[in-house]
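Please look through the model below with the sequence at hand.

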Amino acid sequence: MAKKGKKYVEAKALIEKGTAYSIEEAIELVKKTSTVKFDATVDVAFKLGLDTRHADQQLRGAIVLPNGTGKSKKVLVVAQGAKAEEAKAAGADVVGGNEVLEEIKKGWLDFEVMIATPDMMAELGKLGRILGPKGLMPNPKTGTVTMDVTKAVNEVKAGKVTYRTDKQGNVHVTIGKASFDAEKLVQNYMAIYDVLVKAKPASAKGVYMKNIAVSSTMGPSIKVATAI
């Protein structure tokens, strides 16, 4: 097991083992325990009581955080004609049609979010093996397959994040930077918390919100109370 550094050990000592903090207390601790020299990213992990072997218990969606994430993502829009021009005007970093898809086939993946118009999905579907494992394939559930490319680009630039359950029913989401005011991080947390509560499948049995933890880049994990 790798030995933890002195700063990490000191930071972890500020956290009371076994305690589930209120989100306000947890965020204050996240800020105090961020010891890296750069502006650390703050993440939240939800452990949900879902059986993801059932399709109706596989959650997936997107939300525009009220205070953004502190990072502007590089957006590729796959569209043609007037929609391509609309995407450029909206501020997309890269815009293209079939010629961009050919570049992706050759290994080009210099973007973080892909938005596509519905008419391009037939060709895009052929790149599923490349884009799927990296989480880059556009999807109507996350608002990345749309004719309203202006709205889609603006939302991503404003701090839109996607969420998706993994095989164990966990959801990991970035809620901002350690430099954010505590209140803004709490607001971002509450936004994703509320979305997940409302998304609870009717077929889910037992405890839904099993465990929640927040942490900063390379910082210790802090348990959050599951009930507000």
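In this predicted model, Glu-123 and Lys-126 are joined by a salt bridge between their side chains, with 3.1 Å from N to O. How exposed are the two partners? Glu-123 has a relative accessible area of 33% and is partly exposed, whereas Lys-126, at 58%, is exposed. Lys-126 counts as exposed because its value is over the 50% cut-off.

One of the others links Asp-51 and Arg-53, whose closest N and O atoms are 2.8 Å apart. Asp-51 is partly exposed at 23% relative accessibility, while Arg-53 is exposed at 74%.

Another salt bridge joins Glu-86 to Lys-83, with 2.9 Å between the closest N and O atoms. Both residues sit in helix H3 (residues 81-90), three residues apart, which is about one turn of the helix. Glu-86 is partly exposed, with a relative accessible area of 22%, and Lys-83 is partly exposed at 23%.

Next comes the sheet. Three strands form an open sheet in the order S4-S3-S5, and their pairing is parallel. Strands S4 (94-96) and S5 (113-116) stand at the edges; each has a single partner strand, so one side of each has no neighbour in the sheet. On average, neighbouring strands here are turned by 15 degrees against each other, direction ignored. Strand S3 (residues 75-78) pairs with S5 over four bridges, in the parallel sense. Within this pairing, Leu-76 has Met-114 in S5 as its bridge partner. Helix H7 packs on the sheet and touches S3 and S5, and its direction makes about 165 degrees with that of S3.

Helix H8 (residues 182-198) has 17 residues. From its first C-alpha to its last, H8 reaches 24 Å, close to the 24 Å expected at 1.5 Å a residue. Several residues of H8 are buried, among them Leu-185, Tyr-189, Ile-192 and Leu-196.

Finally, consider a loop residue. Where is Thr-142 placed? Thr-142 lies in the loop between helix H6 (128-131) and helix H7 (149-158). Thr-142 is buried because its relative accessible area of 6% is under 20%. Its side chain reaches the backbone oxygen of Asn-139 at 3.0 Å. Beyond neighbours within four places in sequence, Thr-142 is in contact with Arg-60, Gly-61, Ala-62, Lys-160 and Thr-162.

Technical notes:
Residues are numbered from 1 along each chain as its sequence is written. This is a predicted model: local features need pLDDT of at least 70, side-chain atom pairs count only at pLDDT 80 or more; totals for chains, interfaces and linings use all residues. Side-chain values use heavy atoms; hydrogens and water are left out. Helices (H or I, at least four residues) and strands (E, at least two) are DSSP runs, numbered from the N terminus. Buried means under 20% relative accessible area, exposed over 50%, partly exposed in between (1.4 Å probe, protein chains only). A polar contact is a pair of N or O atoms within 3.5 Å; within protein, one must be able to donate a hydrogen and the other to accept it, and residues adjacent in sequence count only if both atoms are side-chain atoms. Contact means heavy atoms within 4.5 Å. The expected span of a helix is 1.5 Å times one less than its number of residues. Two strands pair if DSSP finds at least two bridges between them. Axes are lines fitted to C-alpha atoms, for helices over the stretch in contact, and angles run from 0 to 180 degrees between N-to-C directions. A salt bridge is a side-chain nitrogen of Lys or Arg within 4 Å of a carboxyl oxygen of Asp or Glu.
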